[in-house]
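Hello,

Here is the structure I promised to pass on to you. Please open it next to this message, and read on below for what turned up.

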Amino acid sequence: MARVLLLYLTFGCSAAYGRTCMSAQFKKPGDYILGGLFPFGMNTMNLSQRLEPTVVVCERLYVTGLIWALGMKFAIDKINNSTSLLPGIKLGYEIYDTCLEPVVVMQPSLWFLAREGSTGIGVTCNYTDYQTRVTAVIGPDLSDLALITAKLFSFFLMPQVSYGASSEKLSSVEYYPSFFRTVPSDKSQAEAIVQLLDTFDWNWIAAIGSDNEYGREGLGTFSSLATARGICIAYEALLPAELSVPQDHKTVETIIKHINETQVNVIVLFSLDRPVQALLEKWLTHDLSQKVWIASEAWVMSDIVTSIPNIQAIGTVIGFTVKGGQVPGFQDYVSDLFTSIQQESFCQASWEHSHEADSSTLGLQCPQCDNLSLHQISHLLEHQQIYAVYVAVYSVAHTLHQVLGCTADGCPKATVKSWQLLDIMQTLQFTVDNKSFQVDQFHSMNQGYEVMFWSWQKDRLQYIPVGDFRESLHINTAQIRFHTMDNKKPVSTCFQRCDPGQIKRVKGFHLCCYDCIDCEVNTYRHSPDDMFCVECPEHQWSPVRSAKCYDRSERYLFWDEPLVIGLLMLLLFAGVLTCLSAVLFLKNLNTPLVQASGGARSIFALLCLLLMCLSLCLYIGKPSTTICRARSPLYVLCLCACLATFFVKSLEIVLLTEFTSCPKSALLWLTQKRAWFVVALVILIEGLLCFWYSYSAPDTLASNYKLLASQVLIHCNVQSWLGLLVIHSYNGSLAFVCFLCTFMVQTPAKKYNVARGITFSMLTYFVAWIAFIAIYTSAMPVEKPVAPIISMLLCTLGFLASFYIPKCYILWFKPEWNTVAYFQSSTEEVSREKDSH
């Protein structure tokens, strides 16, 4: 009776001064109790001066944390009124202030782990049958706090669902097996920020984090991702989490100074709201130029930051918030609650529940909340993180629903140990307000982020969603109005991004400031971070500014090249003339003219010329080892056979004209059938020389990768120029002997001047070799096979024009000259002219 009277008196005094009983709304009994860790207040004392483990007083009210706590209260009240989720079961809650301090959060965490019905934690070997005071815990919001509580709760395998702790460390299921969260990890947010910078081509930025777990972890993850993407961080620093000593204020001043010196136009702030508040207040004090501020989810919608005087003067703010949604009915619920906490009967019941929850152990929660009005918090009722709290409560409720084996008729009120929820919660799938959620392998429910833009309309801030991020960023840049005069995005670059095939050449003092240099021919850039171009393998090539190498195409003398087609036409012409000459000589084989020209040996020579023309085709097309070995000896041998017939005829002429006293036995070796023996002997010697050349140092198939830019030259490589000189010198010697034997002699019968034809034939042979040397030394490497073709073609046409065609003319057009009588009369005429002289 005395306690009731005291409550009436307390409420009466509060009502007189406009106070409410909001501070009594954070405890409620039920069949299963959920613990809540929310930041109602902020510490105002310097914890480094704390010498005794006394109570830490959090005097400053953190209104946003209060709204989150009301979100938990609303979710539980809504579940208790549900007929489909936990029917017949009443959930209770005990919500405590974390004060945003690790020292404070430990006390309610230990209280949650106390044995049910007591205030102490039992120390046993086996906690399987241990019944804790609460079934699961919702919160806390900060990673610093969650890293402490998660290890504590994981020892007891008590499910803990955070609505804001985003540190990537908490993704380790091995270290934190009972930790869950309804927000993405910082790694996901860091990737979203990097993609945002990439979208606007901002690669020269400053990156600032708060000096706590959230800021350090987030900044470190962002820095590594940004560097990998080619974004240059001109300046990186940590803001003091609490400006409790004068040195902290100097640190903030130094950070502002360095940001200003770097001349960046974009600043990434991966920080909690209070350090951001301190930074931006000093920034505005110095009246510095406007920038683009990339906000992390921890401060982009914080009322602490947005309430800074003249905050709109900082420039453009684009940030990320955890994607959620509007909690249906929450605003009406809070409005009704503020009406109720001014009613005497409602407050009396609330105080009774609060005292029944043993408030003497931890003291009264949020006494400064009693002075709040609905008007003061109405602008926070759409805060994105309320939805994360709402989903966190529902995840525990759905897990408990399955553990109890609830049906449409109701739920059995069985004893449930907290660790029994863990197995189901690891693979939980559930639906809240027709929206599906699923716990992933890292115990997260990653719904992604929304991109928020601060839009100022007549000094009133509006949060405009301009995009979203799940695995990739989607953003409507047209909705963003920048602080520049023309509303265009500001430029913040130290370099232009290098194109594929360009490397970075560092300039200035910053390693990430560089010029882009093109990779040269046959080099390429292997990866975006390469500082040097990499040479292509021998069998590949690359053009200037290439990001990869290409296979080389083969190059040799192709059949369809214009020059080759022209040469083939000439070879065909020479071959046809040779064949016609041979046929004509064969038809007139026994006539005086053909016999005087060598008879059957002339036909043999013509056939050798034809074979030489055909062998020249081996210089066209793709060479092979066999072709390289055979082509030079083949045409040399054919040419030798032709010269051998001229050699025999030349010796015959010189013996008949200059050595008339020579025995007839010597002349018999140069005429008739014995002459074939001399021809065979000459050819045999050349054949032996060619055999020696082919097996001692033959031409080999070679591939030249350095000569052509994008092709590999397939060619025959001469191993022994001396050997090649020997086999050609032999032919040259025969030609020279023929020339000497026929140049100065006086031959009979002007119409049948065989010696003159041999002389001019040998001259064309020498001219052909002069042409060969000139063409071979001046031609491109690809065209060098043309040199022997042209020279031997000249030689063939010279032989035909000098020796065979004139005789074919007589055989075809002047047959009357090709008689024995005409031949004898011409001989006598020449003899008379000689005697007269």
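To begin with a helix pair, α19 passes α23 in a left-handed crossing, a term used when the near helix is turned anticlockwise from the far one by less than a right angle. Helices here are DSSP runs (H or I) of at least four residues and strands are runs (E) of at least two, numbered from the N terminus. Before going further, please note that this is a predicted model, where local features need pLDDT of at least 70 and side-chain atom pairs pLDDT 80 or more, while totals for chains, interfaces and linings use all residues. Residues are numbered from 1 along each chain as its sequence is written, and side-chain values use heavy atoms, without hydrogens and water.

Helix α19 covers residues 625-657 and α23 covers residues 754-778; they pack at about 145° with axes 10 Å apart. Axes are lines fitted to C-alpha atoms, for helices over the stretch in contact, and angles run from 0 to 180 degrees between N-to-C directions. Contact means heavy atoms within 4.5 Å. Among the residues that meet are Tyr635 and Phe646 in α19, and Tyr765 and Trp769 in α23.

Next, the sheet. Six strands form an open sheet with mixed pairing, in the order β1-β5-β2-β6-β7-β8; two strands pair if DSSP finds at least two bridges between them. Its edge strands, each pairing on one side only, are β1 (27-28) and β8 (179-181). Strands β2 (residues 32-38) and β6 (residues 136-138) run parallel and are joined by three bridges, with Leu34 opposite Ala136 in β6. Helix α2 (residues 63-80) lies across β1, β2, β5 and β6, at about 175° to β5.

A volume is the space filled by probe spheres set on the points, which are joined across faces, edges and corners. How many cavities of 30 Å³ or more does the structure hold? There are four. The largest cavity has a volume of about 310 Å³ and is lined by 29 residues, with Trp68, Asp141, Glu297, Ala298 and Gln385 nearest its centre. The second largest cavity has about 80 Å³; α14 gives the largest share of its lining, four residues.

Terms used
1 Å grid on protein atoms, 1.4 Å probe; cavity = no way out; pocket = protein on both sides within 12 Å on 5 of 7 lines; lining within 4 Å.
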